[in-house]
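Subject: A structure for you to look at

Hi there,

Here is the structure I promised you, with its sequence. Have a look around first, and then read my notes below.

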Amino acid sequence: MLLSLSWLREFTPYEGTAEALGDELTKLGLELEELKNPFAGLEGILTAQVVECEMHPDSDHLHCCRVDAGRGELLDIVCGAPNVAAGQKVAVAPVGSCLPDGTLMKKAKLRGKPSFGMICSERELGLSEDHSGIMVLPEDTPVGKRLVDVLKLDTEILDLSITPNRADCLSVLGIARETAMAFGLPLTIPDLPLAEDEDLPPVEVPVDITDPELCWLYAGRVVSDICVKPSPMRIRHRLHAVGVRAISNIVDVTNYILFECGQPLHSFDLDKLSGGRIVVRPATDREKIVTLDGQERILNPRDLCICDTEKPVALAGVMGGQNSEISGETRNVFIESAVFRPGTIRKTSRRLGLSSEASFRFERGIDQARSRWSLDRACAMMANLGGGRVRRGMIAVEPKPFVAVKMDFHPEKAAALLGIHLDAAFDEKVLSAMGCAIEKGKDVWTVDQPSWRPDLTREADLIEEVGRVYGLDNIPPVLPPVRHALDHAAEPESAFSFWLRLRRWGAGVGLNEAINYSFVGHKDLDLLGLPAEGRISIMNPLSAEQDALRTALAPGLLCALRNNLAQGAQTVKLFELANIFVADASSETTARETGILGILLYGSRNEAAWPQVPGDMEYADLKGLVEHLMRFLHLPALRCERCETVPYLLPGVEVFCGGRTIGTMGRVKPQMAVEYLARRDVWLAELDLGVLRELHDAAHLNFAPLAAFPPVRRDITIMAGRDVSVANMLDSIAAMKLPLLESTVLVDLFEPDDSEERNLTFRLTFRHAARTLKDAEVDKEREKIAKTLVQKLGVRV
């Protein structure tokens, strides 16, 4: 929010410096980001009078002027503007001064005539884009004075950071309330009376609101016989100071009232509204409108439109339509002042990527009680600036009137919650200064919410306001009591805590955490063969290499691998917990986010130093980490199947747990890995954190006493074809549900080069909970397993 200090002083007589005001507002929660002077480049520009003006003897468009700039002697200046004339008061940049664009004025000679400066246009002064001629000042302008002083330009601008709950502070009036409260000053709103034209008949523009939950108030007035022209300098320059481009007197008024009072307004060319009626309704599916920025917008039923009897003429609360905009031919204007449901405007603005000063305020809440007052204020101003006539009668439909929230306030509770005793008189002073109506009782007060503070809905909000004004930095810190961890045992684990546990697991197993941008390049996604469907492009990317949201963690992890290899790393073990993004039109944000755990392994299993055995990491290392994670989360054993669905893995393995797919893992295709400087195998796993969390929350832990009797182990070697998977063998053994069998583990594998069979040795562990097993009964169980495997899978023992 850009605040002009001189504009603020029209509402409250603050006489301090901008720095002191910024410090006080910061203490109140309105943080000062920066102090600006938008007219710093005009410090050397002077007012002057053109005393003589003659045509240049060697040019058909240049003029030789003699200018009085208050320096005791006339300045010779050659000017090319077509509107320069003797007797005019103008803005002059003398030799030695600088223009806003940094141009240093020097003595020059134009076609043989000396020139000691420049008579400036508004564009050269940075005040507007008008370059049709020089800027002519009013006749009563004094000569030889600084232009910024003569025009009373707003040279002190505070850039304030307004939190989303303080919609009331998105206007000069709102911040004037805070200033008056902070410094104990009166608040005075400049009077701007509205005079309706009694000679013309009233104009009725019927308004229909189809859904009262979407539009709480819609009011309008008609101003006739308008003359569209540039606004007076004071209006244009003030809007320029707060970052708004002046357009015309009609449009500038709506922007001026928006910044002054916080109420967005919109002006329609009444003669362009078909049927002379306004209909506020949701858009139909795939309905189209061309907004004022020239873009065609495709709407859906969740968007709210302002329509005439035939078509949409504005996107409610966001932007007007080209088919009803004000033009130079406009003579009759319909001015809208409305209050829409904030959530509707926010969703439309986000979905279309279309944010405006109006939508920014509608999303946060509007002072409904002052909407009609703002409309009258704008009409009075518009009639004064445009020479128009305000027609009698305000059109107003209010299906959902503002009702102030009544809140209980306990002074003793405020002291307990803030941790400091405050006098009841201080509480009353603060709440009254905020605009609250107070009905005091013995122990409890009834406080009415001000219409401009939609964020005040409960007692805690009032207590927060009292603490804010008192100064949170004035409250001494006190260490609160700490509850034992067991007190939290019954509370459900938050998503943040679950991710934090996984981060600790990753660090605990020797992996390094990678934190990558959510942005990747389309080039990286294409390189890995990821589909273009579902991608979300970035409109204003940080760089060409970050122009899309990631649809997988693989691109970021592989880029991190490349960066590490480029720095000479020989072994890289990474993990990352982050969201991936896929386009989803049904989502409020148009993107579906999924949490993913990524693991990347590259290089040697151990450091290449004695006594470790050298060797590169392989599939077993990656699978072992995933299995370890399952045990960490108390989940059942994995089941793995080859798949061809992951375009950058060869082979790709789909991972199942508890009957659900939890992710994929495998080796990155060598031709792709080479692009990331990898000369050895790269192993990558990506696991769905949402599914893991659901399985974890549904898991039941079973506790058993420690075994009191020894186990008995038997090895069994299976000769099987390569088409028989280890998972099939383990599933077949588990399906027998032998009560004495405690575990089955693959302990050895031999694959002869000249044979289609491979030898797999499994270790069977048997145990009885109440006695020591005998060899005979263990051998019997082993034979059952051997016979079952032969019969079901056709293997040899």
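Two strands count as paired if DSSP finds at least two bridges between them, and the elements themselves are DSSP runs numbered from the N terminus, with helices (H or I) of at least four residues and strands (E) of at least two. This is a predicted model, in which local features need pLDDT of at least 70, side-chain atom pairs count only at pLDDT 80 or more, and totals for chains, interfaces and linings use all residues. Residues are numbered from 1 along each chain as its sequence is written, and side-chain values use heavy atoms, with hydrogens and water left out.

Let's start with the hairpins. Strands β18 (residues 304-307) and β19 (residues 312-315) are antiparallel and share three bridges; one of the bridge pairs is cysteine 307 with proline 312 in β19. Four residues lie between these two strands in their hairpin. β19 also pairs with β20 (residues 319-320), again antiparallel, over two bridges, and here alanine 314 has glycine 320 of β20 as its bridge partner.

Next, the cores. A nonpolar core is a set of buried Ala, Val, Leu, Ile, Met, Phe, Trp, Tyr and Cys residues joined through side-chain atoms within 4.5 Å; buried means under 20% relative accessible area, with a 1.4 Å probe and protein chains only. Which residues touch the most other members of the largest nonpolar core? They are Tyr218, Ile306, Phe334 and Phe340, out of 108 residues. Helix α6 (residues 249-261) gives the most to this core, with eight residues. Leaving aside residues up to four places away in sequence, phenylalanine 340 is in contact (heavy atoms within 4.5 Å) with several residues, among them Leu304, Ile306 and Gly317. A second, separate core has 33 residues, including Leu530 and Tyr676.

Now for the sheets. Eight bridges join β37 to β38 (residues 757-766), and leucine 749 has leucine 760 of β38 as its bridge partner.

Four bridges join β24 to β26 (residues 445-448), and phenylalanine 409 has tryptophan 445 of β26 as its bridge partner.

Last, a helix pair. Helices α13 (residues 495-508) and α16 (residues 619-632) pack at an angle of about 135 degrees, with their axes 11 Å apart. α13 and α16 are therefore oblique to each other (under 35 degrees is roughly parallel, over 145 roughly antiparallel, 65 to 115 roughly perpendicular and the rest oblique). Arg501, Leu502 and Trp505 of α13 make the contact with Leu625, His628, Leu629 and Phe632 of α16.

Enjoy exploring!

Best wishes

Methods: Buried means under 20% relative accessible area, exposed over 50%, partly exposed in between (1.4 Å probe, protein chains only). Axes are lines fitted to C-alpha atoms, for helices over the stretch in contact, and angles run from 0 to 180 degrees between N-to-C directions.
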